[in-house]
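Please keep the sequence and the 3D view open beside them as you go.

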Amino acid sequence: MNYLFDLDDTVYDLSQPFVRAFDLIFARDYPVDVNQLFIGHRVHSEETFARSERNEISMEDMYCYRITAAFRDQGYSITRQQALLFQNTYAEIQHKLILGAEMAEILDYCRDTDQFVQIVTNGPSEHQRKKISSLGLDKWMDTSAIVISSETGFRKPEREIFDIARERFNLDLNKTYFVGDNVDTDILGAHNAGWKSIWFNHRHHPNNTGITPDYTVYSYRELLQLIKDLT
């Protein structure tokens, strides 16, 4: 089998560096629900990311907007200076990521049973490649070949980025699953491109797309067992 993974909040837990950055910058002065802040940050990031990749707004403006809007959702206001300080801290922590033991076990199993694995991710090229280097993913895949939206001109859920991955890795879609946490980008995009999909719904989000994934799992442990069953 072939398993193509989303990166952020699938291969690694995106909330961990977010919470660490929040604790350093905001925790003392802002008694917000950090889990809701994280969710809001992701929602507002999706709102503006496509515009940033089309150069309609700067990356700096996108970074400032998503955390400022997440705070505003909870009734708090922060300055642009605070938003940039948070983003710089958040990015620095993301570049020092450590792969979780459960995800490493999944990748080990895939390698040991000759399953093909790769990454398809939205995001800025340099930023995503630094994360991949920090996570040490070259132990399991050719990290020079990962598919990154900013390097292709297309982003999930656009079909074209999945087509690029299919051609780059010569994938047989009858034996290929896309694994991702975001039903609106990962699962909808995979479906529209004719791929099989595994929704890694570890945050128990609702599905409002009208699309039914081939499989849904709620933890790394369930994901490993599913891959074993498919093997």
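**Notes on the model**

1. Leaving out residues up to four places away in sequence, Leu173 touches Arg166, Ala193, Gly194, Trp195 and Lys196. Leu173 itself sits in the loop between α8 and β4. Although Leu173 and Met1 are 172 residues apart in sequence, their C-alpha atoms are 9.5 Å apart in space. Please bear in mind, here and in every point below, that this is a predicted model.

2. The next point concerns the sheet. What is the order of the strands in the open sheet? The six strands follow the order β3-β2-β1-β4-β5-β6, and their pairing is parallel. The edge strands are β3, which covers residues 147-148, and β6, since each of these pairs on one side only.

3. Two of the pairings can be followed residue by residue. Strands β1 and β2 run parallel and are joined by four bridges, and Asn2 stands opposite Phe116 in β2. Strands β4 and β5 likewise pair in the parallel sense, over four bridges, and here the bridge partner of Tyr177 is Lys196 in β5. Lys196 is also one of the residues that Leu173 touches, which links this point to the opening one.

4. Is β5 largely enclosed or largely open to the outside? Four of the five residues of β5 are buried, so the strand is largely enclosed by the rest of the structure. Helix α9, made of residues 183-192, lies across β4 (176-180) and β5, and this helix runs at about 160° to β5.

5. Please look next at helices α3 (residues 59-73) and α4 (residues 80-94), whose axes come within 9 Å and cross at roughly 100°. An angle from 65 to 115 degrees counts as roughly perpendicular, and α3 and α4 are therefore roughly perpendicular to each other. On the α3 side the contact involves Glu60, Asp61, Tyr63, Cys64, Arg66, Ile67 and Thr68, which meet Arg80, Ala83, Leu84, Phe86, Gln87 and Tyr90 in α4. The residues of this contact between α3 and α4 divide into seven nonpolar, two polar and four charged.

6. Asp6 deserves a careful look, and it is found in the loop between β1 (2-5) and α1 (15-25). Why does Asp6 count as buried? Its relative accessible area is 6%, and buried means under 20%. The side chain of Asp6 makes a polar contact of 2.8 Å with the side chain of Thr10, and another, of 2.7 Å, with the side chain of Lys156. Not counting residues up to four places away in sequence, Asp6 touches Val11, Val120, Lys156, Phe178, Val179, Gly180, Asp181 and Asp186.

7. Lys156, a polar partner of Asp6, is also joined to Pro157 by a cis peptide bond, with omega at about 15°. Pro157 lies in the loop between α7 (149-152) and α8 (159-169). In general, most peptide bonds are trans, and for that reason I would ask you to find this one in the 3D view.

8. Arg155 is found in the loop between α7 and α8, and with a relative accessible area of 12% it is buried. The side chain of Arg155 makes a polar contact of 3.3 Å with the side chain of Glu46. Leaving aside its neighbours within four places in sequence, Arg155 is in contact with Glu46, Phe49, Ala50, Glu53, Asn122, Ser149 and Ile161.

9. My last point is about backbone angles. Most residues other than glycine have a negative phi. Which phi does Asp114 have? Asp114 has a positive phi of about 60° although it is not a glycine, and this residue lies in the loop between α5 (101-112) and β2 (116-121). His204, which is not a glycine, has a positive phi of about 55°, and its place is the loop between β5 (196-200) and β6 (215-217). Asp114 counts as exposed at 68% relative accessibility, and His204 counts as exposed at 55%.

Key
Residues numbered from 1 in each chain as written. Predicted model: local features only at pLDDT ≥ 70, side-chain atom pairs only at ≥ 80, totals over all residues. Heavy atoms only, no water. Helix = DSSP H or I, 4+ residues; strand = E, 2+ residues; numbered from the N terminus. Buried < 20%, exposed > 50% of the residue type's maximum accessible area, 1.4 Å probe, protein only. Polar contact = N/O pair within 3.5 Å; in protein donor to acceptor, adjacent residues only side chain to side chain. Contact = heavy atoms within 4.5 Å. Axes fitted to C-alpha atoms, helices over the stretch in contact; angles between N-to-C directions. Parallel < 35°, antiparallel > 145°, perpendicular 65-115°, else oblique. Nonpolar A, V, L, I, M, F, W, Y, C, P; charged D, E, K, R; others polar. Pairing = 2+ DSSP bridges.
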